[in-house]
Amino acid sequence: MKNDRTFFWRKLHSLSGLVPIGVFLFVHFGINYAAFYGEEAYNTAAEMMGNLPFRYVMEIFIIFIPLLFHGIYGIVIAREAKNNISAYKFEKNVYFYFQRFSGVAVFLFLIWHVGTTRIPAAFGADVNFDMVANLVANPVYLAFYIIGILMTTYHFSNGFRTMLITWGITVNQKSQYFGKVIGILLFVVLSFIGLTAIFAFV
């Protein structure tokens, strides 16, 4: 019975990382990338998202609850994991270790990110180009964003690769290599978009 419950929660954890969190990641990066085209373009995109109908309902049930579940249960998984990277430096073992490490790092980054953007917005601050530009004007905060973006894109991309395996989609060595290539491409493309976006505010 315990194994059945663990299997269910781990599958739900895996699925929540792809939908809706993965979809939100693409949308969020897309909005931020609008900053590459200038302040007005970003403010227009941010205002459009801010004026969506049922915005708070969507934020709670599509973003915050799945993120909290994925993050908290991910920490439980990380604590239970038997990391032996110092003894076995195999490629997949390194991926396994950094998947857990990046998950904890992303969870902490998101707490900080929400605390510096969404909480001020709840008290009347405008989520606009100037808000983000003022944050990244601090080199420490800019470093947080760079690290957070890279940790996020790695965690999602490698998580997508491992999800293909655990869900029985890539079952042999050839298909798993193809999944690895997809994961690398996702990491490169998403990292490029995320870093381009954040440096547009500098």
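What follows is a short chat about this predicted model and some of its residues.

Q: Before we start, what kind of model is this, and how are the residues numbered?
A: This is a predicted model, in which local features need pLDDT of at least 70 and side-chain atom pairs count only at pLDDT 80 or more, while totals for chains, interfaces and linings use all residues. Residues are numbered from 1 along each chain as its sequence is written, and side-chain values use heavy atoms, with hydrogens and water left out.

Q: OK, which stretches does UniProt list as "transmembrane region"?
A: The unreviewed UniProt entry gives that annotation to residues 12-36, 56-76, 97-115, 135-156 and 177-201; the positions are in the numbering used here, feature names are shortened, and annotations may be inferred rather than shown by experiment.

Q: Switching topic, which residues does UniProt list for "binding site"?
A: The unreviewed entry lists His-28, His-70, His-113 and His-155.

Q: Take His-70: where is it, and is it buried or exposed?
A: His-70 lies in helix H4 and is buried, with a relative accessible area of 15%. Here buried means under 20% relative accessible area, exposed over 50%, and partly exposed in between (1.4 Å probe, protein chains only).

Q: What does His-70 touch?
A: Leaving aside neighbours within four places in sequence, His-70 is in contact (heavy atoms within 4.5 Å) with His-13, Ser-16, Gly-17, Ile-21 and His-155. With Ser-16 there is also a polar contact between the two side chains, at 3.0 Å; a polar contact is a pair of N or O atoms within 3.5 Å, where within protein one must be able to donate a hydrogen and the other to accept it, and residues adjacent in sequence count only if both atoms are side-chain atoms.

Q: His-155 was in that list, so where does His-155 sit, and what else does it touch?
A: His-155 lies in helix H8, residues 139-166, and counts as buried at 18% relative accessibility. Apart from residues up to four places away in sequence, His-155 touches His-70, Gln-99, Ser-102, Gly-103 and Val-106.

Q: How many salt bridges are there?
A: The count comes to 3 salt bridges, where a salt bridge is a side-chain nitrogen of Lys or Arg within 4 Å of a carboxyl oxygen of Asp or Glu. One of them joins Glu-80 and Arg-10, with the closest N and O atoms 3.5 Å apart. Glu-80 lies in helix H4 and Arg-10 in helix H1, so this pair ties together parts that are 70 residues apart in sequence.

Q: Which residues are linked in a network of salt bridges?
A: Arg-55, Glu-59 and Arg-118 are linked in such a network. Arg-55 pairs with Glu-59 at 3.4 Å between the closest N and O atoms, and these two are separated by about one helical turn because they are 4 residues apart in helix H4. Glu-59 also pairs with Arg-118, the closest N and O atoms being 3.1 Å apart; since Glu-59 lies in helix H4 and Arg-118 in helix H6, the pair ties together parts that are 59 residues apart in sequence.
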